[in-house]
Amino acid sequence: MLPATSQNIIFTDKEKAELRALPIAAPGAGEILVRTTWTLISTGTETICYGRRFQPGTHWDNWVKYPFPAGYSQVGVVEAVGDGVTAWKPGDRAASTFAHQQFVVGKADAFFPIPDGVSDADAAWFTLSYIVQNGVRRGEHELGEDYVVVGLGPLGQLAVQFLNLLGAREIIAVDPVQFRLDLAKAHGATQGLALNVDEILPHVEKLTHGRLADAVYDMTGNDKVFASAQKLLRKLGSLVLIGDTGSPARQHLTGEVISRSLRIVASHAMNTPATDSVYAHWTRANMIALFFQYLKHGRMRVSDLNTHVFKPSECQNAYQKLLHDRASTMGCHFQWS
């Protein structure tokens with residue numbers, strides 16, 4: 001028997017998360033029904049939304065309206081398929097960008113297949129993987145470059161691994177939390193600096209033999225990092241923004257942008273090619289498939305980044321922990337079955 005309701009995690013107000021039972025329909029033509037096993041919390045984005053830590057008038061302010069469905073990294077098992085669906089069958093494992101919810105019904109092409117050899121908990125990192133991968137691709141890097149990655153939360157950890165795959169010479173990981181640096185160094189970072197970004201210029205100069213960084217990745221969502229990061233770049237270097245701040249009006253350019261001819265590269269996950277073509281192969285689906293292959297063959301690893309598992313009924317406590325003690329966490333999941 002197909003379910004009539006689904007338990008969903010909803011932000012009902014600032015700093016209020018609830019588990020609510022909402023009606024769910026049977027899959028229609030071209031749709032599938034997926035029973036969720038794991039969802040990954042996007043700790044940066046969801047904390048900003050939960051705590052309403054953004055300025056009025058920003059895109060965050062326009063996006064977060066109550067009741068607000070939280071999350072966008074869902075993994076589960078196909079339970080039923082609608083008429084005309086041939087690509088999926090019951091028992092297949094699927095990933096989607098739907099919110100934290102017990103059951104999901106959606107168009108068949110809104111889901112991504114998970115290969116054998118990749119666990120559900122690891123597969124749930126797929127959304128963060130293409131967010132970061134899209135930014136790394138926009139960085140347009142070359143073999144043997146020197147990078148600084150500021151902020152070693154989940155996005156920063158993935159950035160280190162992708163940059164390592166590209167053949168970096170130095171990957172300088174920067175975060176005041178030592179255990180985050182230890183994780184980054186276990187995944188390819190060549191140096192770890194437990195300092196604030198405005199303290200690291202002498203270290204970057206020494207590690208790059210005075211040349212400074214080819215690219216700096218700001219993964220923090222902290223508006224104070226933007227100006228300091230510009231001072232770490234060589235002439236013609238690139239500052240890649242993947243961490244989205246809730247207070248963009250506080251970010252500002254410095255004199256280095258003109259004097260060093262710096263390139264500011266902003267990346268948003270929604271700005272990817274809609275369809276695969278000879279001109280633009282790396283669609284969201286293709287980037288997700290690549291990430292799964294990297295996991296399957298052991299070229300990337302997220303299993304040791306999974307630090308916290310919550311029951312859906314613990315959602316309020318989970319988000320309170322992330323709001324006030326996020327530095328002690330990394331990969332945080334809701335386990336649904």
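Visitor: Over how many bridges do strand E1 (residues 5-13) and E4 pair?

Guide: This is a predicted model, in which local features need pLDDT of at least 70, side-chain atom pairs count only at pLDDT 80 or more, and totals for chains, interfaces and linings use all residues. Residues are numbered from 1 along each chain as its sequence is written, and side-chain values use heavy atoms, with hydrogens and water left out. Helices (H or I, at least four residues) and strands (E, at least two) are DSSP runs numbered from the N terminus, and two strands pair if DSSP finds at least two bridges between them. In the antiparallel sense, E1 and E4 pair over two bridges.

Visitor: Which residue in the turn of the E1 and E2 hairpin has a positive phi?

Guide: E1 and E2 run antiparallel and are joined by eight bridges, with Ile 9 having Leu 19 of E2 as its bridge partner. The hairpin that they form has two residues between the strands. The turn residue with a positive phi, of about 60 degrees, is Glu 15.

Visitor: Is His 100 buried or exposed?

Guide: His 100 is found in the loop between strand E6 (93-96) and strand E7 (103-107). The cut-offs are under 20% relative accessible area for buried and over 50% for exposed, with partly exposed in between (1.4 Å probe, protein chains only). Because its relative accessibility is 0%, His 100 counts as buried.

Visitor: With the side chain of which residue does the side chain of His 100 make a polar contact?

Guide: Residues touched by His 100, not counting those up to four places away in sequence, include Gln 7, Glu 46, Tyr 319 and Trp 336. A polar contact is a pair of N or O atoms within 3.5 Å; within protein, one must be able to donate a hydrogen and the other to accept it, and residues adjacent in sequence count only if both atoms are side-chain atoms. At 2.8 Å, the side chain partner of His 100 is Thr 39.

Visitor: Which are the edge strands of the sheet of six strands?

Guide: The six strands form an open sheet with parallel pairing, in the order E11-E10-E9-E12-E13-E14. Pairing on one side only, the edge strands are E11 (191-193) and E14 (263-266).

Visitor: Through which helix does the chain cross from E12 to E13?

Guide: Six of the six residues of strand E12 (residues 213-218) are buried, so E12 is largely enclosed by the rest of the structure. Five bridges join E12 to strand E13 (residues 233-241), and the two run parallel. The β-α-β crossover between them is right-handed, meaning that, with the strands pointing away from the viewer, the path from the first strand over the helix to the second runs clockwise. The chain makes this crossing through helix H8 (residues 225-230).

Visitor: How far apart are the end C-alpha atoms of helix H10 (residues 284-296)?

Guide: The expected span of a helix is 1.5 Å times one less than its number of residues, which for the 13 residues of H10 should be 18 Å. In agreement with this, the end C-alpha atoms of H10 are apart by 18 Å.

Key. Contact = heavy atoms within 4.5 Å.
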